[in-house]
Amino acid sequence: MTQTIIRGARSLRAAVAALPLLLGTALAGHAADIDTSKPIKVAMVPKLVGLSVFKANEQGAQTAAKALNIDFLYTGPVTASAQGQVDVFNSLIARRFNVITTTSNNPTQLAPALRRARKQGIKVVSYDSDVSPDARDFFIQNTDYAAFGKALVESVAKYTGPDAKIAILSSTPDATIQNEWIKALTAYMKATYPKMQIVTTQYGQSSPSQSLTAGLNILQANPDVTGIIAPDGAAEVGAAAAVQKLGRTGKVAVGGCSDPDSIRQYVKSGIIKESPLWDEVKEGELVMYVARLAANNAIQRNGTFTAGDLGSFTAKDGVIVFSTPLIFNAGNIDQYKF
Amino acid sequence: MSGGRNDVTARRGASRRLPLGNWERALLVLLVLLTLGLVAAVPGFYPGFGDFLALSENFLPFGLVALGLTTVILTGGIDLSVGTTASLAAIVMAELWTGLHLSIWIAALLGVASGALLGLVNGLIITRLRTEPLIATLATSFIYGSIATALAGDNPPSGFPDSFNRLGTGAIGGILPYQIVLFGVLAAFFSALISRSAFGRKVVMIGYNTEAARYAGIRVDRIVTLSYVISGTTAALAGIVLAAYYSAVRPDMGSILLLSTITTVVLGGVSIFGGDGSIAGVVIAVLLLGMLRQGMLIAGFSDMVTTMVTGAILLGAIALKNLFAGRGTGLATLLRRLRIRPAATT
């Protein structure tokens, strides 16, 4: 059953993929511009192995790697530690990889190892969570921070009303991307819903159990909270589970971002109405396109480029925005399996 | 048994004539074989002498922690707060540097001093409040970790001066890493401290039999407290070196230190029950585990496999140790009895 769905989705994607290719050859052959004659070694290093969002990146990267003549390796630490990632980087440098792609556990600790890699001519492409700008060649940003901040607020605002008391449940106090989103959502909230109030910000350490505890604490300490924004995979699940446990379904709206597999049951039970994210599988494909282009020296830090069937993208100071937020709801969540 | 030898020294003497041969010597042979094997079999493991030595920068902070932790484990205690002590000391240093604009080196000294203070707190809780070291240091590890997170804030300092970063990744003449120099000097010091000084003998005595040590007139509480101060100091030093290695601090940067370091100490032949072990063994174990991990990673094994192998080595080492040292419970004791029984009947 699921097999057929996936196969169906694949053939659909293949058809969609073929379309611009045909158009491309008809027009000027833009998409086929990428030189794939020389095989290159590219590694993808997630924050930790075994997390489903990163697996989704890997799935996309695998597909693209085959098409781009890339010898692909997916490797990372068992726990989300910077030391683990640095160990992996060092081994990749010793094994002379051409490109290292990574989503960082934190921006500063990884920088020296990646700078060392760049000094030896290895291209570094970060995605999802950035490292210090001088430690990488390109950064693929999931979505524009401001757009995502807006999507996060809207994921609860529609259901709580414009003067609600909101709580935030994030991952850790120093998580780069979560802090950027919180900054963006606060700014959007101030401008659009001036009466909305953030009463507390708690942290679940990216752990499902700690997030559940933090969610319960929020609801019990602040009975007037009617919305929780949880911009972290584990935090959104924890917040939704807390609402369910305390029987507040329908009274407290949970929004945030997480991979569809983890939140599917809560979206279906109506605790989560909307949850913005992006297509992780396609993002993985883009990471490989950028890796290939960077290894070919065929991409500028400022300028546009075409990534096969994904379309064309713009790099600005080495930062490439992948897509606009993709909003999961009860109607569309079953189309996404990661 | 000649005069002057008591039961403790007799057993320690006997344990040197293990059928395995000397534990440290076995480890050393293993280390040499492993290193030669990796150099021969893994391309990229030996890219040149300087780069080969630089591999040690990735694991020597574990060695620094192990030196202090060995002292504590020899007394029969345990220090579970070494990881958070390292984090907190590094953050104290960084905050003094950014907040009060102190010279980074003075801030680093104060960071190490803060580690000693945290160790003192551990020691006093254990000796004055009569708390089990396991519980006391578990509790303080939570407390130190929380303080570190609070102090670090949402944007922990990074980008230390290059002269300081060299402590983590620099090398004398581009060949001999500063970390090796630091670790070498401290290892020699600790080796002398444990096996040649009165303090070291008292530490071992307490670990072997606390009551006997007390009746022998040793100020047990003072020695135990001091061992935690030492452990806090070396943990803090490791935190400072890590800060230089990353040129950044994070409140969770020390959390990986604890379990790997306990593994190292046990593999080094130190009895987890205290009273037996040597610094030499621990130093060899630091190099052995470090080289093994670096070698496996460079050979292309994933972190998963590497971590699994480390776990298996810990299990194997502690089982072997218990089996032949005659301490511990379960299968090891049973096997030992089976081994000894024929001798007893004759």
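Here is a short chat about reading the domains, the chain contact and a few local features of this structure.

Trainee: Before I start, what kind of model is this?

Mentor: This is a predicted model, where local features need pLDDT of at least 70, side-chain atom pairs count only at pLDDT 80 or more, and totals for chains, interfaces and linings use all residues. Residues are numbered from 1 along each chain as its sequence is written, while chains are lettered from A and ligands numbered from 1 in the order in which they are written.

Trainee: Okay, which domains does chain A have?

Mentor: Domain bounds come from an automatic or database domain assignment. Here, chain A gets domain 1 (34-142 + 279-323) and domain 2 (145-277). Their C-alpha centres are 29 Å apart.

Trainee: How many residues of the two domains are in contact?

Mentor: Two residues are in contact if their C-beta atoms, placed from the backbone, lie within 7 Å. In chain A, nine residues of domain 1 meet eight residues of domain 2. Helix 2 (residues 52-67) of chain A gives the most to the domain 1 side, with three residues. Helices (H or I, at least four residues) and strands (E, at least two) are DSSP runs, numbered from the N terminus.

Trainee: And how many residues does each chain bring to the contact between A and B?

Mentor: Chain B brings 23 residues and chain A brings 24. On the chain B side, helix 7 (133-152), helix 14 (279-298) and helix 15 (303-325) each give two or more residues. Helix 15 of chain B has the largest share, three residues.

Trainee: Last one: how many bridges join strand 6 and strand 7 of chain A?

Mentor: Two strands pair if DSSP finds at least two bridges between them. Six bridges join strand 6 (residues 165-170) of chain A to strand 7 (residues 197-203) of chain A, and the two run parallel. A:Lys165 sits opposite A:Gln197 in strand 7 of chain A.
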